[in-house]
Amino acid sequence: MPPEALEFHGQNDLDAIIPNAVSAWLYGAAANNGTLLGIGERSGNTPIEALVFWLISLTGDAQGMETRVITEIADYYRAIGEPVDVRLPFVGDNFNVTRAGIHADGLIKDEEIYNPFDTSRLLDRPPRVAITDKSGTAGLLMWVRDHRPALATGLTKQDPRIRRLNESIIEEFSAGRITSLGDEEVGHLVDDAFTASEPASA
């Protein structure tokens, strides 16, 4: 049976759509069916954006594809009112966003030890952090570097302003908060902390 005569069409009812699609390629199928964002009947079809990155991984070649368009496609779907699950790989709002201080610490030291690939270059989506009581001083440092770069020069996790801010966030969650802080909320806290407190060298 020639490869061009073999084609895989998957449904995601058992949450095995990607391993099945990749196996189809590995075992000789020339073609894989897919849909943008995996939208399809029942639990959906094979997401094209995942197929793109698996094909690149298997062949070492982008096959002329412009991967950053994937982010634009997801933005278009949102603009026309099509919901995009925040947990979806590659396109969801939570993709590449960590809430864990240990992950933020790894990203600060060397992005390659945490990030699965260069998401900035290939998707226009740099790694981000969402602040909770588990983000720690590393998470706050990463947030400041991303959102307030002018304040980040020479800043470390040991800076007293970062440490006090982390303690106040932990206290808020201890008092009953269960949701992560939005960027605007963190921005107000950071601006207040850095305006009212001593510099990093203190």
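Let me start with one term: a residue is buried when its relative accessible area is under 20%. Keep that cut-off in mind. One caution as well: this is a predicted model.

Now look at helix α4, residues 101-109. Which residues of α4 are buried? They are G101, A104, D105, G106 and L107. And what do they pack against? The buried residues of α4 pack against β3, at 97-98, and against α6.

Helix α6 covers residues 136-147, and helix α7 covers residues 160-174. How do we describe such a pair? Two packed helices are described by the angle between their axes and the distance between those axes. For α6 and α7, the angle is about 115° and the axes are 9 Å apart. That angle makes α6 roughly perpendicular to α7. The crossing of α6 past α7 is right-handed.

Who touches whom here? From α6, we have G136, T137, L140, L141 and V144. From α7, they meet I162, R163, L165, N166 and I169. Sort the residues of this α6 and α7 contact by type, and you get six nonpolar, three polar and one charged.

Next pair, please. Helix α1 is residues 17-26, and helix α2 is residues 48-59. They pack at about 40°, with their axes 11 Å apart. So α1 is oblique to α2. Which hand does this crossing have? Right-handed, as α1 passes α2.

The α1 side of the contact is I18, A21, V22, W25 and L26. The α2 side is A50, L51, W54, L55 and L58. What kinds of residues are these? In the contact of α1 with α2, ten are nonpolar, with no polar and no charged residues.

Last topic: the rings. How many aromatic pairs turn up in a search of the whole structure? Five. Take F90 and F95. Their ring centres are 5.9 Å apart, with 40° between the planes. That pair is tilted.

F90 has a relative accessible area of 11%, so F90 is buried. F95 comes in at 14%, so F95 is buried too.

Ring pairs also build a group here. F53, F90, F95 and F117 are linked into a cluster. Find F90 and F95 on the screen, then trace the cluster out to F53 and F117.

That's my tour. Thank you.

Methods: Residues numbered from 1 in each chain as written. Predicted model: local features only at pLDDT ≥ 70, side-chain atom pairs only at ≥ 80, totals over all residues. Heavy atoms only, no water. Axes fitted to C-alpha atoms, helices over the stretch in contact; angles between N-to-C directions. Helix = DSSP H or I, 4+ residues; strand = E, 2+ residues; numbered from the N terminus. Parallel < 35°, antiparallel > 145°, perpendicular 65-115°, else oblique. Left-handed = near helix turned anticlockwise from the far one by under 90°. Contact = heavy atoms within 4.5 Å. Nonpolar A, V, L, I, M, F, W, Y, C, P; charged D, E, K, R; others polar. Phe/Tyr/Trp six-rings, centres within 6.5 Å; stacked < 30°, edge-to-face > 60°. Buried < 20%, exposed > 50% of the residue type's maximum accessible area, 1.4 Å probe, protein only.
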